[in-house]
Amino acid sequence: MVAVILSGGAGTRLWPVSREQYPKPFMKLPDGQSLLQKAFLRAARVGAQRVLTVTGLEYYYSTASEYEALGMPEVQTSFVVEPLRRNTAPAIAMAALWVAEHNPDEVMLVLSADHLILREEAFAQAVTQAQAIAQEGYLVTFGIQPTYPATNFGYIEQGLPLQDGAYRVARFVEKPDQQTAEAYLQTGRFFWNAGIFCFKATTYLQALEHLQPDMYKAALDCWQGSEKGDVAYLDANLFKQVPSESVDYAVMEKAAQVAVVPADLGWSDLGSWDAAALMVPPDAAGNRVFGEAVLLETTNTFVQTEDRVVAVIGASDLVIVDTRDALLVARRDKVQDVKKVVEQLTHSKHDTVRRHRTIRRPWGSYLTLEETSGFKIRRVVVKPGQALSNHLHHHRSEHWTVLRGTAQVWLDGRAQMLRQGESVSALAGVAHQLINPGLLDLVLIEVQTGEYLGEDDVKRLESYV
């Protein structure tokens with residue numbers, strides 16, 4: 001079995017932590033793991049010897065870094081890198097084409113990178129059931145036992161029974177109103193649609209070819225015209241031709257051989273801050289704190305903070321999320337409206353929608369500490385063995401001071417080593433490259449000075465490494 005993880009999406013209801021360049025899958029939970037890492041570990045625990053991740057170009061390096069941090073070389077990792085978003089049906093199609101090229105009869109377990117499953121043993125049992133049914137040519141979906149009449153999930157109605165507690169799918173239904181959701185809960189025949197699937201690659205591709213021939217042909221053309229390997233970069237012009245559609249609408253709702261495996265998984269899509277708060281144990285007053293906070297005469301309040309102490313006095317039923325550059329304060333019954341805040345910020349082109357102050361790069365990361373006219377100060381971290389590109393700037397100079405580790409710096413073709421406390425300057429117009437030759441992170445302070453400090457003031461040159 002190969003596990004396919006679909007990773008992307010904005011997660012706008014979890015702003016200000018989830019942003020376009022740092023979406024929900026990368027969010028760290030109180031145990032220190034991200035949702036993406038939990039999905040990877042979940043796949044490994046149920047026997048997947050390879051994890052194939054479908055993600056965007058802007059998330060590829062961060063995703064690979066998240067996996068590398070888990071230290072599990074026994075699980076092989078591969079990637080399908082999308083140049084733009086085309087929804088779940090094309091994403092799964094490209095994954096299926098990757099799998100079919102390597103082993104046509106292999107079963108795919110399709111997972112989302114931003115969901116949480118607390119009952120791992122129940123999940124493993126459900127996967128075993130699904131694998132057996134998938135081997136018989138079924139498209140299998142997992143039905144989550146509903147615990148309340150939810151109106152923000154789609155539902156699956158069970159049909160005739162199959163083996164081992166599975167059923168044929170009678171129908172998929174869209175998100176219902178409150179009265180309909182309550183009726184579904186009473187019948188015991190309806191399950192939440194969690195978007196977890198299991199099928200053979202060839203089964204999915206055959207269904208796609210029959211039900212969506214235009215999508216199938218466009219996906220096949222794209223696959224055949226793209227760069228392949230353990231990291232498959234999809235051709236942007238060809239992928240743009242693939243129709244954008246959800247897998248439920250394009251395939252699952254229309255296919256003949258569709259089964260559902262009911263499961264009580266402790267599943268959550270962490271679709272709001274109210275749901276995320278449940279990951280933190282409450283105190284005697286019902287408050288939940290992730291970070292450092294002082295709460296006086298406060299009840300039923302969630303606080304998450306990164307760098308600062310948050311003090312709350314005489315409040316109740318609030319959600320408070322504090323990041324370096326944005327603060328959210330909301331009543332708990334209004335957290336679904338966070339997406340409206342994001343819509344307003346998007347309309348005004350505010351940078352907090354797109355990125356955090358800490359920017360992740362393949363070689364490491366940088367944090368902007370201060371920026372004003374004429375200068376910018378950053379804290380830069382370069383991972384062991386990594387290097388920035390060799391480049392020059394026309395309008396700015398850069399001064400580096402090493403805080404920790406060892407830096408190899410090339411200036412105008414000459415190399416020098418810098419250790420803790422040592423500094424060097426790269427003046428405007430001088431080619432320079434920064435390398436970490438050590439085994440530990442290189443941490444330094446970068447001070448930029450000049451008349452123009454925009455990121456587009458860069459001319460890349462041939463690298464020295």
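Is D264 partly exposed or exposed, and what is its relative accessible area? D264 is partly exposed, at 42%, where buried means under 20% relative accessible area, exposed over 50%, and partly exposed in between, with a 1.4 Å probe and protein chains only.

The structure is a predicted model, in which local features need pLDDT of at least 70 and side-chain atom pairs count only at pLDDT 80 or more, while totals for chains, interfaces and linings use all residues. Residues are numbered from 1 along each chain as its sequence is written, and side-chain values use heavy atoms, without hydrogens and water.

D264 forms a salt bridge with R119, at 2.9 Å from N to O; the term denotes a side-chain nitrogen of Lys or Arg within 4 Å of a carboxyl oxygen of Asp or Glu. This pair links distant parts of the chain, 145 residues apart: R119 lies in the loop between β5 (116–117) and α4, and D264 in the loop between β11 (258–263) and β12 (267–268). Helices (H or I, at least four residues) and strands (E, at least two) are DSSP runs, numbered from the N terminus. R119 is also partly exposed, with a relative accessible area of 42%.

The structure holds 24 salt bridges. Another of them joins R42 and E120, at 3.8 Å from N to O, and links helix α1 to helix α4 across 78 residues. R42 counts as buried because its relative accessibility is 2%, whereas E120, at 25%, counts as partly exposed. R42 belongs to helix α1 (residues 35–45). Beyond its neighbours within four places in sequence, R42 is in contact (heavy atoms within 4.5 Å) with H115, L116, I117, E120 and F123. A further salt bridge, between K38 and D31, has an N to O distance of 2.4 Å; K38 is buried at 13%, and D31 is partly exposed at 48%.

With L109, V140 and F142, F123 is among the residues with the most contacts inside the largest nonpolar core, which has 53 residues. Such a core is a set of buried Ala, Val, Leu, Ile, Met, Phe, Trp, Tyr and Cys residues joined through side-chain atoms within 4.5 Å. Helix α4 (residues 120–134) gives the most to this core, with six residues. Apart from it lies another core, of 46 residues, including L208, L234, F239 and V260.

Helix α7 (residues 213–224) has twelve residues and reaches 16 Å from its first C-alpha to its last. This is close to the expected 16 Å, a span defined as 1.5 Å times one less than the number of residues. The buried residues of α7 are M215, Y216, A218, A219, C222 and W223. An α-helix has 3.6 residues a turn, so residues three or four places apart point the same way. The cover over the buried residues of α7 includes α3 (88–102), α6 (201–211), β10 (231–233), α8 (236–239) and α9 (247–252).

Strand β9 (residues 190–200) contains F190, which is buried, at 4% relative accessibility. Not counting residues up to four places away in sequence, F190 touches P146, Y155, I156, E157, R171, V173 and Y184.

By contrast, I313 in strand β16 (residues 310–313) is exposed, with a relative accessible area of 62%. Leaving aside its neighbours within four places in sequence, I313 is in contact with L296 and T298.
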